[in-house]
Amino acid sequence: MKLRKILLALSASLLTAGIVTTPIFATSSSPSVLADVEVQPRTIDESQATSDDPEKTSDQPTLPAPTFAAEEVADDAGAFWFGKNLLYAGNNVSVKNISRGLLFAAGNNLQMSSESEYAFAAGNSISFSAATEKDLFTAGNTIAITKDAKIGRDIFAGAYSFALETDVPGDVSVAASHVVLKDTIIKGNVNLDAEIITFQGEVKIDGTLSYNDDASVSGLTNVKYGKLETYTPTSRTTTAGEIWLTKMMSVIGLFFTIAIIFLVFPRAKKSIAREATVQRFGVDLMLGIGFVVIVPLLSMLFLLSFFAVSTGIFLIGVYCLIFYLAKAFAGAWLGHAIVEKLCHCTLPMLLEALIGILVITCASMIPGFGLLVTTLTLILGAGLIIACLRPGEKQSAEDKQVFYAAEEAGETTTPKQNSAKLAAAKSTIKSTRKTSTTKALSTKSTAKKSSPKTKTSGAKSSSAKPKK
């Protein structure tokens with residue numbers, strides 16, 4: 001029966017995948033033409049594909065390009081088409097493709113001489129001599145916009161070293177350590193945030209030249225600009241009051257979180273108290289480490305699979321939720337350990353949780369020690385959540401009677417007194433059980449002894465009647 005269900009589910013999934021993917025690769029040509037014709041990659045210039053000779057064009061059947069296509073350009077580089085857009089990535093990348101949409105290029109060394117509507121480039125060393133119809137967005141270590149580059153509109157760049165040697169019809173916005181503008185005409189505004197700014201050759205800026213006033217500028221006298229502005233960078237410093245306010249808001253949020261958990265799941269209190277031992281501490285740490293390592297790996301495997309993407313997304317959500325709740329559970333565990341194990345007194349579980357959360361928050365603010373505390377808290381909290389989710393040991397009837405009786409009476413006793421009461425209750429229950437068993441045995445023995453007497457007496461009476 002299970003095998004039949006599995007086969008039905010597999011056939012349904014394959015049918016659904018066929019229905020979804022068929023419109024993407026479907027064409028109007030016959031099956032024989034499709035079998036003989038190879039789909040041409042879109043790296044070829046469209047102007048070269050068209051011809052004035054109608055006979056040559058009629059001989060070659062035209063096929064619509066697929067929605068997604070991938071090609072291996074070199075051993076360390078590859079291209080991926082999605083619609084009119086191109087993603088190009090590798091170690092040493094030389095991009096010469098023509099993209100009518102977006103061009104994304106990423107790699108260690110980028111040599112770009114492509115054409116696109118928008119260009120996005122990221123890498124260690126970027127040499128850009130390509131053409132964009134609109135904007136260029138780039139980030140890297142060293143970026144050079146050569147004189148052969150053609151920019152349709154604006155440039156947005158972030159780098160350690162940035163050099164511009166071509167004309168720009170729009171704006172230029174750069175954040176870098178060292179900026180060089182050489183023999184360029186910029187029709188828009190120039191916004192710079194850099195330590196060293198160098199102008200070389202003839203530089204003309206029709207708009208506003210703006211840069212930070214603490215930058216080291218050279219060659220500014222040879223620059224023609226419409227307007228010059230300097231600004232003072234604003235440094236944001238966080239005060240101690242803001243830090244404490246943020247921490248207190250975090251403590252309040254965690255306190256309300258653990259309060260809701262205790263309200264919805266009352267048995268979580270006893271589960272956390274059960275884990276507050278030296279032996280269980282190591283077990284909870286191992287559970288937390290296993291959760292931190294295994295769950296991301298499973299999520300990646302499910303996301304890369306064809307049939308369990310939703311499961312991978314669900315695991316990621318659970319992972320984030322448990323990490324958020326980990327600090328609250330760790331605080332409740334630590335507060336219970338401090339109050340009952342060290343101070344040998346009892347408090348309501350919510351107050352113990354508040355004490356533990358405060359201790360963890362204060363310890364995480366210690367310089368050089370906060371990272372260790374935060375990491376240990378997250379791992380321990382994750383292990384505690386997993387330990388609390390597992391089915392606990394069955395509680396005996398006398399344990400429940402003593403626990404609920406003390407809770408109804410509102411007595412505040414120490415753990416030693418609770419254990420003494422529990423032992424007394426167990427001994428009384430055992431004694432009552434022994435007495436009940438002895439009584440039952442005695443009644444059975446008397447019944448057995450009395451039954452033969454009645455039989456003999458009946459026999460005697462029957463034998464006596466004929467004599468009379």
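**A helix and its buried side**

Start at helix α6, residues 267-274, where A268, S271 and I272 are buried. Buried means under 20% relative accessible area, exposed means over 50%, and partly exposed lies in between (1.4 Å probe, protein chains only). Helices are DSSP runs of H or I with at least four residues, strands are runs of E with at least two, and both are numbered from the N terminus. An α-helix has 3.6 residues a turn, so residues three or four places apart point the same way.

What do the buried residues of α6 pack against? Their partners are α5 (240-264), α8 (309-342), α9 (349-364) and α10 (370-389), with contact meaning heavy atoms within 4.5 Å.

This is a predicted model: local features need pLDDT of at least 70, side-chain atom pairs count only at pLDDT 80 or more, and totals for chains, interfaces and linings use all residues. Residues are numbered from 1 along each chain as its sequence is written, and side-chain values use heavy atoms, leaving out hydrogens and water.

Now for the rings. Those of Phe, Tyr and Trp (its six-membered ring) pair if their centres lie within 6.5 Å; planes under 30 degrees apart count as stacked, over 60 as edge-to-face and the rest as tilted. The count comes to 8 aromatic pairs. One of them, F137 with F156, is stacked, at 5.1 Å centre to centre and 10° between the planes.
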